[in-house]
Amino acid sequence: MDIFEDPKLNVRKLGKLRTKTSREIGSSKLSVGFETLDRDMFKPEPCYDYVAKLGVKYARVQTMWIKCEKEKGRYDFSELDQVVDQLIERGVEPWFNLTYGNPIYMSEDLPNPAAVGCIPNLYGEECLAAWQNYTSALARHYKGRVRIWEIWNEPNIPNFWYPGTPSGTKYAEFVAATAPCIKKHDAEAYIVGCSAGIATEFIHEAIHAGLGEHIDCYSFHPYGSIPEFNYFKGIANLRRLFARHAPHVKLMQGECGYPSQTYGHHDAHLVGYRATEETQAKFVLRRITIDAMADMELISYFHITDLMERVYVQASGQKRPPVMLGLLHGKTYTPKASYYAMQNICNVFDGDCGVPEDLFFEGWMADYNKRMQGTIPALALISGAFERRGYPLYCWYYPEELERDWGGNVCLDVKVLTDETEKRLERPVVVDCLTGN
């Protein structure tokens with residue numbers, strides 16, 4: 001039941017949120033994952049039109065070194081071209097996650113055949129030089145089509161820094177060896193650093209090793225079943241760190257996700273006891289909302305679809321169950337509830353919705369028992385405000401545990417000031433982004 005079906009409430013349903021395609025949306029910060037094609041983990045063809053209808057303006061694509069250089073010194077970008085051009089044709093800007101090794105330059109005892117997580121600078125001078133040559137060739141070939149370059153994937157965890165031990169210093173050295181290869185051929189390229197999570201200690205070490213001299217932005221991947229946990233405090237720490245040592249560096253949320261089922265998938269650690277399509281959809285909305293409130297440069301969800309076409313293998317070499325974080329069902333490539341939720345939120349947080357505004361907002365629950373429940377419900381409300389087309393836009397929700405199947409709180413009192421923006425809010429409308437009602 002949603003609020004429009006509750007007989008206790010006098011709320012009239014006006015209709016459904018009108019959604020636009022990516023081409024129809026002029027601009028936005030929202031992105032979707034289109035990674036792992038170096039390993040054929042999904043079929044891209046059934047996904048292109050779904051990406052276009054989703055309303056995102058960006059898609060994160062990995063650079064397929066293993067496919068583009070099968071013979072030393074000979075580059076064939078035809079398969080990567082197909083992905084890049086199909087996305088651009090639909091009004092979606094591809095951005096590159098420049099990552100992973102190539103077996104033809106690495107030792108025979110690789111932990112996995114695709115060299116996932118195998119870092120070139122740990123495989124000798126020839127391998128590092130080949131990586132730099134490949135990066136240069138990519139930058140020449142995709143100048144004018146690809147602007148954003150994220151260097152490596154989650155270098156602070158062992159699975160993606162094989163065969164060494166991750167460190168901020170080593171990562172900064174790798175970026176210093178890679179970024180100039182891009183900038184030499186595309187001076188307008190936007191260079192992005194990366195880590196799994198808000199890795200404050202790792203990035204602190206990397207900054208002191210010179211990382212800030214080579215990047216324009218830092219991308220973090222905040223996996224976790226509670227999107228809000230330590231998030232705003234962590235972002236404040238990162239902003240303070242960069243403001244002190246590299247004030248030009250912006251922040252973006254480059255990868256996140258939550259499964260749509262409880263068992264039988266790679267990311268079972270994200271689920272305590274119960275995951276469904278609905279809990280995944282709620283995660284998507286909460287994650288994107290707080291990233292928008294934190295004014296991220298870009299906000300990306302992993303992945304457009306479940307990864308089920310091949311066995312999932314990381315640098316450890318261990319064969320893992322499929323990744324079930326997708327907005328589309330694997331194999332059938334049909335939408336989940338999370339797809340429609342993200343489609344709705346893409347059409348709310350589009351280019352017409354400006355940066356977060358410090359508008360007056362007061363909200364409190366009117367139907368909880370303080371004696372029985374304490375004051376936590378009153379303190380827990382997550383709220384934010386934006387300006388959209390001159391009108392105020394307020395968002396709010398309670399960060400209840402996703403798996404509890406909590407139906408939401410309908411008796412919420414909200415107080416705002418109607419004249420804080422260019423246009424007054426005369427007839428407020430409530431949008432439920434889960435359903436689009």
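Okay, so angles first: under 35 degrees counts as roughly parallel, over 145 as roughly antiparallel, 65 to 115 as roughly perpendicular, and the rest as oblique. The axes are lines fitted to C-alpha atoms, for helices over the stretch in contact, and the angles run from 0 to 180 degrees between N-to-C directions.

Quick housekeeping. This is a predicted model, where local features need pLDDT of at least 70, side-chain atom pairs count only at pLDDT 80 or more, and totals for chains, interfaces and linings use all residues. Residues are numbered from 1 along each chain as its sequence is written, and side-chain values use heavy atoms, with hydrogens and water left out.

Helices here are DSSP runs of H or I, at least four residues, numbered from the N terminus.

Pair one: helix α8, residues 277–293, and helix α9, residues 337–348, have axes that come within 8 Å and cross at roughly 25 degrees. So α8 and α9 are roughly parallel to each other. Who touches whom, with contact meaning heavy atoms within 4.5 Å? On α8 we have Glu277, Gln280, Ala281, Val284, Leu285, Ile288 and Thr289, and on α9 Ala337, Ser338, Ala341, Met342 and Ile345.

Pair two: helix α5, residues 168–183, packs with helix α6, residues 200–208, at about 50 degrees, axes 7 Å apart. That angle makes α5 and α6 oblique to each other. Gly168, Thr169, Tyr171 and Ala172 of α5 make the contact with Phe202, Glu205 and Ala206 of α6.

Definitions and conventions. Contact = heavy atoms within 4.5 Å.
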